[in-house]
Amino acid sequence: MTINTMKSIRLITFLLMFFYWNTGYTKNMTIYDFSFEDIDGNSVYLNRFAGKPIFMVNTASRCGFTPQYENLQNLFMQYKNTDLTILAITSNSFNQEYSSNEDIKKICLVNYDIGFITSSPLSVKGDDAHGIFSWLVKEYGKSPKWNFYKYLFDRNGKLNSSWSSMTKPDNAKILSKINNLL
């Protein structure tokens, strides 16, 4: 083989690997492939919820939609004896979240007495978005447009439905979808 042929083979191999990585990489991923740090600094590995539906909301403490924490807590209480997992992913991507976990906990616990899993602040958009949100964009074309965007994942860890900030977490449309998964 000539040097040019070997270079061509290497280039083709590299391009095929690059193409595979960038197109096939997320095809078999699920929500259960991710993890994050909770509000107390503990690692939350979502694979521990494999086979269970997950309802995830990106949240912020200083947003006009922040009172939806109450609706989210109501949802948590309504479904706490089922295998539905509720996740609040705090984020300052829209410049409405505190940077301190302690300040966020004050809002969540004092004002809303939440009992569901809450993350430390994560980026939900852009180049520095957490892997969950990069995957949602790449796999489903879904990116939160604002705080309190909602995602429901089925028992296979695939996105079932999503809703805008305007739809409250305990809305009948959401409850119907959750009940169909349970």
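In this predicted model, strands S3 (residues 54-59) and S4 (residues 85-90) run parallel to each other, joined over six bridges. Ile54 sits opposite Thr85 of S4. Helix H2 packs on the sheet and touches S3, S4 and S6, with its direction at about 160° to that of S4.

Let's step back to the whole sheet. It is open and has five strands in the order S5-S4-S3-S6-S7, with mixed pairing. Which strands stand at the edges? They are S5 (117-118) and S7 (159-163); each has a single partner strand, so one side of each is left without a neighbour in the sheet.

Now for the aromatic rings. A search of the whole structure turns up 10 aromatic pairs. Tyr69 and Phe148 make an edge-to-face pair, because their planes lie at 85°, with the ring centres 5.5 Å apart. This pair links distant parts of the chain, 79 residues apart: Tyr69 belongs to helix H2 (residues 68-79), while Phe148 lies in the loop between helix H4 (131-140) and strand S6 (150-153).

Trp135 and Tyr140 also form an edge-to-face pair, with 5.5 Å from centre to centre and 85° between the planes. Both residues belong to a cluster linked by ring pairs, whose members are Phe34, Phe133, Trp135, Tyr140, Tyr149, Tyr151 and Phe153.

| Residue | Relative accessible area | Class |
|---|---|---|
| Tyr69 | 0% | buried |
| Phe148 | 0% | buried |
| Trp135 | 2% | buried |
| Tyr140 | 26% | partly exposed |

So within the second pair, Trp135 is buried, whereas Tyr140 is partly exposed.

Conventions. Residues are numbered from 1 along each chain as its sequence is written. This is a predicted model: local features need pLDDT of at least 70, side-chain atom pairs count only at pLDDT 80 or more; totals for chains, interfaces and linings use all residues. Side-chain values use heavy atoms; hydrogens and water are left out. Rings of Phe, Tyr and Trp (its six-membered ring) pair if their centres lie within 6.5 Å; planes under 30 degrees apart count as stacked, over 60 as edge-to-face and the rest as tilted. Helices (H or I, at least four residues) and strands (E, at least two) are DSSP runs, numbered from the N terminus. Buried means under 20% relative accessible area, exposed over 50%, partly exposed in between (1.4 Å probe, protein chains only). Two strands pair if DSSP finds at least two bridges between them. Contact means heavy atoms within 4.5 Å. Axes are lines fitted to C-alpha atoms, for helices over the stretch in contact, and angles run from 0 to 180 degrees between N-to-C directions.
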